[in-house]
Amino acid sequence: MLNFIKKYILLYIFILIVSVGCSRNNGKHETNYEVGGFIPKSAVAAKVSHPIIPFSALKIPEKRDDTSFKNIKAEYIKDSCVVCHVNNKMNFPKPALRGKDGKKGEAYYLGGRAGTVFTSNSKAFEQPSPAVVDAGLTSKFKQGELFFEGNFVSGKNIPFGGLGPTYMKTSCIACHPGYGRARRTKDFSEEYGNGYIATVHNPDGSIVKGYTPMLQIKAVKPYLPYAKGVKISWHEFKDKYGNRYPDGSFYNEGKKTEGSLIYPTADIIEPLLPLPKDYKVSIEATIGIYGTGLLDAITDESILDEYKRQHSIAGPVKGVHGKWIYEPSEGKKRLGKFAWHCLRATLDNGPGSNGFYNTTNVARSDRPHLYGTPEWIEKHRQLGIDVEIFEKPQHPEISDEDYENFMVWHRGLAVPAARNLEKPEVKSGMEIFNRIGCASCHKPEWTTGQYKPFPAYSNQVIRPYTDMLMHDMGPENQGRFRTYRTPPLWGRGLMHKTAGHTDMFHDLRARDFEEAILWHFGEAEFARELFRNLSKKDRTYLIEFLKAL
Amino acid sequence: MKIEKSKLLCISMMFLSSVVFAADEQSILENYVENTVVVTYSNMSSAALDFASAAKKLKSNPNDANLKAAAEQWSKTRKFWEQSEAFLYGPAAFASLDPHLDSWPLDKSQLDTFIDSLNSGKVNVDAAYVRGGLGAAFRGFHAAEYIMFRDGKVRLAKDISKGELAYLSAVADVIAEDCIALEAWWRGSENMDKKKISILEEAEIETSGSYANEMKNAGKTGSRYESSKEAIEEIFDGCIDIVDELVESKLGTPAKTGNPMECESYCSGTSIIDVRNNIISVRNSYEGIGSDGKNISALVSLKSKEADQSVKNSIEKALKDIDSLKAPLFKNLAENKDSLKTAIASCKELSESLGKAKEIAVD
């Protein structure tokens, strides 16, 4: 009997503690002695001890026994919830900071031994990996690099010929300065350093009939582009807290951007082809290239394992994997994992391979057809412009050898090593990163599988900080879609050195790490809330960790 | 606890030598940015202003003498540009000034179409039009070169249309703006000559900060360089990159394909001059200009005289082998076949020497 009473007293204390802890509103910690609350049915059925969830934590209070995390306000999810509902079944390996010889240890090798270089200046994203050098492929790498940096020109059978008839840019580097991400702009026609591609789409995200998935606003005369341009507008955004932290300070405190978050919208200028009434135009950021060979070496099975982990637990994070895509070179379907919407499965079939073709419209033996639409051809015919030549396969405008070198370069771009991992603030930042659930989507570590194109990339422990899955980022991040593949974080701390800016996120709405975290809504809003509720010092530490990657 | 005098002396010496060494790196960086980078860019923007004046004079009074004068000013400006290509990192890259000034290859077909539209009077061109409405293929050194030179020679004034002359003048103005912007990015706009500043303001070109200060203050707050070693590594990588470009592209591609159109600057026939100036750019970065021993070379020499000498020898050998090429390159590819191989091998050797010296300098 005594034991029975003891148990009830303990349970009462436990409920009291939990209900106090779970009651957090508008960033202010309030003591909540409300007795109303519930324990999810699944927890009861599983006979696990679970804190009481107060009804005030629910978005729809009537759905009191709903076990879905979708009904729980993000601000009510605490660090303690993250342990079971976000980080459950995750490994948090602690690679050595120092080797036995006293040199930098495995923790610094974000791209594994075969894929990491210790360059941290403006050329940090441009280096050949040790795998390239060791295999004697440096010259091929350098030759391939010429096609990334070179400007394609109009005309046939001349060096770098084959540009157009329509195109986005004359070179790859135009969108990938310093081989990374480009910056935000107000002017979509800006040729270099402009970080955007534009899509003209229907409300469901499908491309409007007649338009290419990447809108082409340039053309070699006499041909016409799909539009004269894209108008980009920027808008202020205020969250429900007035862009303030719980301690009262504004976001971006002390910066020129204090208290401000802004996001872009876009519209088409002088479209060539008809548009439905409900058309939309979205802009998306170009992404980095370094390390993509290593991401290519992650197996589909590993990605599916992570997908299953996220779906096996009751929690806010439910990543979606890409579709199965038939890969002609492999004769089988592979899991989509590249680009913002996992629309490309392998490096051989995109995104760089495809981007090269989409950007310049330069034909090659594996992409012999015009990057264009029947509607574009028909429009030209109506205008009396001869387009017959584009209705049949094109003669390759880049040789197989040059393209093969380009792919050696693409696959072989190394990841820069991490920096400053032994600084106490960086160590604390990593602990916070894991504790508040960032690591669930920004999965720190993978082991690559067998990788035939670059055998040295096989069985490497790499740390890209992505789960290779797409996540719903909320209506605040609605673009063509509102799900985005978790972008890798490796090398991000070097962006200001390689490209002179720190713009990031799917449409470059974030001007630095702090803003990027504050734009996490949807599945990741709980982490945003936990970040907001950190002390100023801890917020700084978390960002110092990101800068060290 | 007693510390022996000798140990104390030893510790003091070690401390002092590390201080002296750090100070050396600091003065090397100061010398590099002030006497090599900023001086080169300053000379370039001044030459570009002279080129813009000459192009304007040619537009209002087209004759062979004025065309020759404009062509000479173009060559002078181009020389400084090529002598800056060992420091294409930083503002030249992130402010897109490299592609704006030196877009290559030449898009002859689109340029001809554009010139036709100028000649037909459909388009009136000025600097604002070139800056805002046209892409990189229509501006910079090679667009200007195409108007003034053909087949390795300066054209005749009578062969150049009014439309082309107006276009040349506009391109020259934009080249000057871009060169001034590059100088301002490094020097800091507040330290610029008033005339140059007013040109930037008129063109609504904004720069911020001073990259020179960031390099000089490496390791301090406000600098993107976390240490002076990191900045020194950047200087080496800039040198290695341009030498590798000579190996793989500027010399390597024409040698491999035998195609005259692969020779950069084939219209003026100055490919070999470009390449020579690139090596000078490496020498100026490594040995400094009037550096009084405060240069990268001294830093390497302190640790390995052999490695330092190897870089210096490689630079001189590369220059000698480049000088032995018969100009113009685009007309003499077959005759230069063996000499090109030798020059490319020398450049490879220079790249390797620089790589070894870098390892030693930043170790």
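Author: Helices (H or I, at least four residues) and strands (E, at least two) are DSSP runs, numbered from the N terminus. By that rule, chain B has 16 helices and two strands. This is a predicted model: local features need pLDDT of at least 70, side-chain atom pairs count only at pLDDT 80 or more, and totals for chains, interfaces and linings use all residues. Residues are numbered from 1 along each chain as its sequence is written, with chains lettered from A and ligands numbered from 1 in the order in which they are written.

Reader: Why are α7(B) and α8(B) called roughly antiparallel?

Author: Axes are lines fitted to C-alpha atoms, for helices over the stretch in contact, and angles run from 0 to 180 degrees between N-to-C directions. Angles over 145 degrees count as roughly antiparallel, under 35 as roughly parallel, 65 to 115 as roughly perpendicular and the rest as oblique. The axes of α7 (residues 141-148) and α8 (residues 162-187) of chain B cross at roughly 150 degrees and come within 9 Å. The two helices are therefore roughly antiparallel.

Reader: Which residues of α7(B) and α8(B) meet?

Author: Contact needs C-beta atoms, placed from the backbone, within 7 Å. F141(B), A143(B), A144(B), I147(B) and M148(B) of α7(B) meet E164(B), Y167(B), L168(B), V171(B), A172(B) and I175(B) of α8(B).

Reader: What makes the radius of gyration of chain B agree with a compact globule?

Author: The radius is taken over C-alpha atoms, and the globule rule is 2.2 Å times the number of residues to the power 0.38. For 363 residues the rule gives near 21 Å; chain B has 23 Å, which agrees. The C-alpha trace of chain B spans about 95 × 50 × 30 Å along its principal axes.

Methods:
Contact = placed C-beta atoms within 7 Å.
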